[in-house]
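This report goes through the structure displayed below, from the overall fold down to single residues.

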Amino acid sequence: MMEKNNEHELYLKGVKKEKIKITLTRIFILIALIALWEIAARVGWIDPFLTSSPSRIVKSLMNFINEGTLGRHILVTCYETILGFTLGTVIGVIIAILLWASKTASKVLEPYLVVLNALPKVALAPIIIFWVGNGTPAIIVIALLISLVTTIISVLSGFNEVDKGKLLLMRTFQANKLQTLRYLVFPASIPVIISALKINVGLSWVGVIMGEFLVAREGLGFLIIYGGQIAQLDMVMMSIVILSVIAFLMYEAVAILENKFIKKD
């Protein structure tokens, strides 16, 4: 028994060391790339006007902080993204549940879902702007639509892939649709739902940024398009870096949620 405990402790230590090693390697690569970028800009290997540089990005960041406008742009974009992400996921899961409950409706609507999934949602942006107005509502709707169909298709596929033997057992016990969904289908599909959340993080950011390109007067997407128009690429790169950091943090939040459910299992 003692030997097994020692082996288990050694295994856990090995896993911990591997995680630390991977994390440190990632940090080293990031620092090395930033340093190389800065050096290349300073010695003239690249044109800092076209590619910016870490020092110029930091300088642009400090200017915005001193002006007191950066926080507003970040909050606007985060609000639009989180709302579009949440609505797209919740509505998508609800529609997937309704389609799972009605096989006929699922078969009838399947080709329409395929077409909507293949259709570039950004192409609908001008129509959405006319429908809901030129502003934040249009941006949120664009983000919602981009993640909605993907959520429906992926979650519905997860529902339909639940073990047929377990479904037969539920029918044997005379469980109704709601009971089957609650006690079998939904719990079994949690990994699929979490996967849909991870995908939706990226899709929601795409929708919001594209919406801000078209109609916004504030937000990180607005800073990107405005910086490009006035040839301030430092502003553009600063906005992209901030977007990358926030998107990463949002993805990590979903990963934490995933780990929490896995531990519960």
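## Overall dimensions

In this predicted model, the protein chain has a radius of gyration of 24 Å, whereas a compact globule of 265 residues would have one near 18 Å. Along the principal axes, the C-alpha atoms of the protein chain fill a box of roughly 75 × 70 × 30 Å.

Of the 265 residues, 34% count as buried. The protein chain exposes about 16,700 Å², and carbon and sulfur atoms supply 69% of that area. Among contacts in the protein chain with a separation of 6 or more, 71% are between residues 24 or more positions apart.

## Secondary structure

The protein chain has 12 helices and zero strands. Read from the N terminus, the elements of the protein chain run α-α-α-α-α-α-α-α-α-α-α-α.

## Regions annotated in UniProt

An unreviewed UniProt entry lists residues 74–258 as "domain: ABC transmembrane type-1". In the model, the chain over residues 74–258 is 86% helix and 0% strand, and the end C-alpha atoms of this stretch are 26 Å apart.

The unreviewed UniProt entry also lists "transmembrane region" for residues 20–40, 82–101, 113–132, 138–159, 180–199 and 238–257. Residues 238–257 are 100% helix and 0% strand, with end C-alpha atoms 29 Å apart. Over residues 113–132 the chain is 70% helix and 0% strand, and the end C-alpha atoms are 23 Å apart.

E38 is placed in helix 1 (residues 2–43). With a relative accessible area of 13%, E38 is buried, as this value is under the 20% cut-off. Apart from its neighbours within four places in sequence, E38 is in contact with S53, P54 and S55.

S52 lies in the loop between helix 2 (48–51) and helix 3. S52 is not a glycine, yet it has a positive phi of about 60 degrees. Most residues other than glycine have a negative phi. At 0% relative accessibility, S52 counts as buried.

## Helix 3

Helix 3 (residues 54–67) has 14 residues, which at 1.5 Å a residue should span 20 Å; the end C-alpha atoms are 20 Å apart, in agreement with that expectation. An α-helix has 3.6 residues a turn, so residues three or four places apart point the same way.

After helix 3 comes G68, with a positive phi near 80 degrees.

Q174 lies in the loop between helix 8 (164–172) and helix 9. Like S52, Q174 has a positive phi of about 60 degrees and is not a glycine. Is Q174 buried or exposed? At 72% relative accessibility, Q174 counts as exposed, whereas S52 counts as buried.

The buried residues in helix 9 are T180, L181, L184 and V185. Viewed down the axis of helix 9, the buried residues fall within an arc of 135 degrees, so they line one face of the helix. The cover over the buried residues of helix 9 includes helix 4 (70–101), helix 7 (136–160) and helix 8.

On the other side of helix 9, L178, R182 and Y183 are exposed. L178 is found in helix 9 (residues 177–188) and has a relative accessible area of 62%. This value is over the 50% cut-off, so L178 counts as exposed. L178 and K121 are 57 residues apart in sequence, and their C-alpha atoms are 33 Å apart in space.

How values were computed: Residues numbered from 1 in each chain as written. Predicted model: local features only at pLDDT ≥ 70, side-chain atom pairs only at ≥ 80, totals over all residues. Heavy atoms only, no water. Helix = DSSP H or I, 4+ residues; strand = E, 2+ residues; numbered from the N terminus. Expected span 1.5 Å × (residues − 1). UniProt positions renumbered as here; feature names shortened; annotations may be inferred. Rg over C-alpha atoms; globule rule 2.2 N^0.38 Å. Buried < 20%, exposed > 50% of the residue type's maximum accessible area, 1.4 Å probe, protein only. Contact = heavy atoms within 4.5 Å. Areas by Shrake-Rupley, 256 points an atom, 1.4 Å probe, with all protein chains shown as cover. Arc of directions from axis to C-beta.
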